[in-house]
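Let's take a walk through this structure together. Keep the picture open while you read, and find each part as we get to it.

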Amino acid sequence: MRYVDEYRREEDAQAFLGAIRRRVTRPWTLMEICGGQTHTLVKFGIDRMLPEGITMVHGPGCPVCVTPLEMIDRAVAIARRPGVTFTSFGDMLRVPGSDTDLLSVKASGGDVRIVYSPLDAVTLARSHPDREVVFFAVGFETTAPANAMAVWRAHQLGLENFSMLVSHVLVPPAMEAILGAPDNRVQAFLAAGHVCAVMGYREYEPLAERYRVPMVVTGFEPLDLLQGIHMAVEMLEEGRWGVENQYARAVDRMGNRPAQELVSRVFEITDRAWRGIGEIPVSGLALRDEFAAHDALTRFAVEGIEADEPAECHAGEVLRGLMKPYDCPAFGTRCTPERPLGAPMVSSEGACAAYFHYARTEA
Amino acid sequence: MCLGVPGKVVEVLESPVGMTMGRVSFSGIVKEVCLAYTPDVRPGEWVVVHVGFAISRIDEDEATRVFDYLEEMNELDEIHIPQPEAGLPGPPPPSRTGEGRPPRGPLAGPPPEPPLTAGGGS
């Protein structure tokens, strides 16, 4: 096994599609949470091969996309300072802030660097004690253990020149916000496999119960998605709800305990604003007071920076599954990956970018 | 961003500072990965790696469950729908051990270049 190619065989995919087709008796709307799953669906054309009654709407599971505008502006403000080395995953560099993006800061002489892992930023801080090294910590539960370890290491090593601009978000509160919205049309969820690899799926059980909605923890390869859809459709057709696990090769109910322990040692739960959605209570992570010295927000006094979302970008509707990217008047014209209006067109997990790259200009 | 890549652990490097590192092979490309969150993993086992951290050990037995599910589903369908399905051509499924499978699945991938230029959004 290589755990990739085996899950991409056409005859197996066709068998799943046939089984889904035979099982469906009425229309259903499913949401895949994670942007990585959106890309698999669109890249392999799975959404178009599903029976007509099955509608896949794309969820908010793209951390770059849901990072609020003011957080980008704060990052830009820090990165512009002399003496600062600003580090980030590559996806964030082209996300437009109110005036500019991080890539432009770099082009005009700012020391902005792409790192592969937050530990690379710690290494930079260690080897450049004369620089203020800041890491832009954006992500869901999947990325939180890596970022927690970076802070923990910096703390252990006494690196006073390392700090983190934290914009961490949590999936279950966002799912609840979607389910509780009066205009919600999602009837079942494919939960994000790698989020659950870290957190397990106990948190989803009360949610599935309260809203009587099926949730299937699902992986990222084509057969994973197809099996996840089949499992969800079966629950819908049988009138069942609850949480089932398609991605058992990487996920168990309890999740990764050592990872959860360090995350809660370093971070605490906080309210957080989501781009296009607004503030969701207890939906994010912030550094605990003990690690306040490593918090870039206070260290560089950028909490006061606030911003309004641009009116022309419909990211909020796209992120809540109320609008398809091609329904946006700016899609592919005034908004492209080269000149994006909003983050979903930039990120490798953004729904708008997926539709653009795979030429989805209409339904 | 929650991209997780399966890789095979080549070597576990015990660290004196309490952060276990290891070398993990991704189709032959070997990278250093933090194994602190999968403390029991041994060389030869597979992990899901995200931003330089192993976040989960891959369970080999569970990994073939998708194919068992497919077979069970087909058997059930044969009971309910006795006539052969037109949508299911091709030979019977091959063995599920994973060895000897073709290196690339034939499921259609994306077009090579994004052909969309200006003028979309209709």
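Start with two helices of chain A, α8 (residues 144-156) and α13 (residues 257-266): they pack at an angle of about 55°, with their axes 9 Å apart. Helices here are DSSP runs of H or I with at least four residues, strands are E runs of at least two, and both are numbered from the N terminus. Axes are lines fitted to C-alpha atoms, for helices over the stretch in contact, and angles run from 0 to 180 degrees between N-to-C directions. Angles under 35 degrees count as roughly parallel, over 145 as roughly antiparallel, 65 to 115 as roughly perpendicular and the rest as oblique, so α8(A) and α13(A) are oblique to each other.

Before going on, a word on what you're looking at: this is a predicted model, where local features need pLDDT of at least 70, side-chain atom pairs count only at pLDDT 80 or more, and totals for chains, interfaces and linings use all residues. Residues are numbered from 1 along each chain as its sequence is written, while chains are lettered from A and ligands numbered from 1 in the order in which they are written.

Now look for the sheet in chain A: it is open, with 5 strands in the order β2-β1-β7-β8-β9 and parallel pairing. At its edges stand β2 (54-61) and β9 (242-245) of chain A, each with a single partner strand, so one side of each has no neighbour in the sheet. From one strand to the next, the twist averages 25°. Strand β1 (residues 28-34) of chain A pairs with β2(A) over 6 bridges, and A:M31 sits opposite A:V57 in β2(A). Pairing takes at least two DSSP bridges between two strands.
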